[in-house]
Amino acid sequence: MPVLDERHDFAHPVEGDTAWSESYYFNAYDPHTDTGFFTRIGVRPNEGTMDVGLSAWLPGRALAVVAGVREQLEMVDAGLEVAGVGYERVAPMKEWRLTCDADAAVLDLDGGPSRTTRLAMDVTFAALIPAIGTDGQGRAGQAASAETAQTVGKGHLEQAGRWSGWIEADGVRHQLGPEARGNRDKSWGPRRWGGPRMWRWFSVNLGASDTSNDEVHFGGIRIGTEAGDLHRGWVWREGEATSIREWDVRSELEPDGVTHRVSHVQATDKKGRVHELRADVLRVWGVPHRRGDRATVVNEGLARWTYEGRHGYGIAEYLHQLDESGRPLVPIE
């Protein structure tokens, strides 16, 4: 996957597909304060909307959730503000500022009663590596690639970074520490939540090891389509990016048979190197989506990752299409 230039941090031309979307996603976690978040703004001019979801990991087992939608009839890449959440591009491909000042529903991930709080946030993402992805231009893909372009997007980039700033909930301000890390991604093209049969998406940031001070970062996805599985991704190691050729995943599940608790991931890159990673999932929140008669859940798993003597944090995300009884249509591997 190539390194993309600054043009792709701005809006792309809108095509005629009614589901055309330009979306911005960020995740963060700070082990010192046990706080972080994942958030997405999607601009869908052909549907006339801009929507936001922000979920903040609070210390322990609480998750503060903000969601909203507003009218947006044209594509924009500034003024990304919905329901008290704002994204600001400070320097293309280098720095973003995210803010929030909104009422939030606070969920107990162990099933206890929910409540409300005021959620405030002012955090800055500083890129650690170039943006890696595909611009979605050139000849049309074939088979799984072509099908994915009509449901998940044509162009996509990902980037690892360092976070600074603060998150405040219940009147307590949590100042992010020097170990706060996360990834961002940006996608453009048709986005239909009911399109993929499944996906497994990984966002991994690993610290130094006993033999190297360099950080290692992974990002990528395996998407299930009617034409077969599509594997995309990258590893940043020793100052360079290498594409991932295949993601082999084995999961340990909770008793409900749907929620993952451990992901054993074998990522084979284009150089033939095999990277063995393990994600021990600390918390999971299932984000529901519905399009027509198709029910989808995206299980966002905050995970502690280990790899070759390194450890770090990130996301292990599983998308499932569900049958009428709430079971995944595609068996979990």
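1. Strands 3 and 4. Strand 3 (residues 49-58) and strand 4 (residues 62-71) run antiparallel, with ten bridges joining them. Strands here are DSSP E runs of at least two residues, helices are H or I runs of at least four, and numbering goes from the N terminus; two strands pair if DSSP finds at least two bridges between them. Thr49 sits opposite Glu71 of strand 4. The hairpin leaves three residues between the two strands, and Gly60 has a positive phi near 90° there.

2. What you're looking at. This is a predicted model: local features need pLDDT of at least 70, side-chain atom pairs count only at pLDDT 80 or more, and totals for chains, interfaces and linings use all residues. Residues are numbered from 1 along each chain as its sequence is written, and side-chain values use heavy atoms, with hydrogens and water left out.

3. Strand 4's link to strand 7. Strand 4 also pairs with strand 7 (residues 95-108), again in the antiparallel sense, over four bridges.

4. Ser263. This residue belongs to strand 17 (residues 260-269). Ser263 counts as buried because its relative accessibility is 0% (buried is under 20% relative accessible area, exposed over 50%, partly exposed in between, using a 1.4 Å probe and protein chains only).

5. Who touches Ser263? Setting aside neighbours within four places in sequence, Ser263 is in contact with Arg250, Leu277, Arg278, Ala279, Ala316 and Tyr318, where contact means heavy atoms within 4.5 Å. With Tyr318 there is also a side-chain to side-chain polar contact of 2.8 Å. That term covers a pair of N or O atoms within 3.5 Å; within protein, one must be able to donate a hydrogen and the other to accept it, and residues adjacent in sequence count only if both atoms are side-chain atoms. As for Arg232, it lies 31 residues from Ser263 in sequence and 18 Å away in space, C-alpha to C-alpha.

6. The chain overall. The protein chain has one helix and 20 strands. Its radius of gyration is 19 Å, close to the 20 Å from the globule rule for 333 residues, so the chain is as compact as a globular protein of that length (radius taken over C-alpha atoms; the rule is 2.2 Å times the number of residues to the power 0.38). Of the 333 residues, 54% count as buried. Among contacts between residues at least 6 apart in sequence, 59% join residues at least 24 apart.
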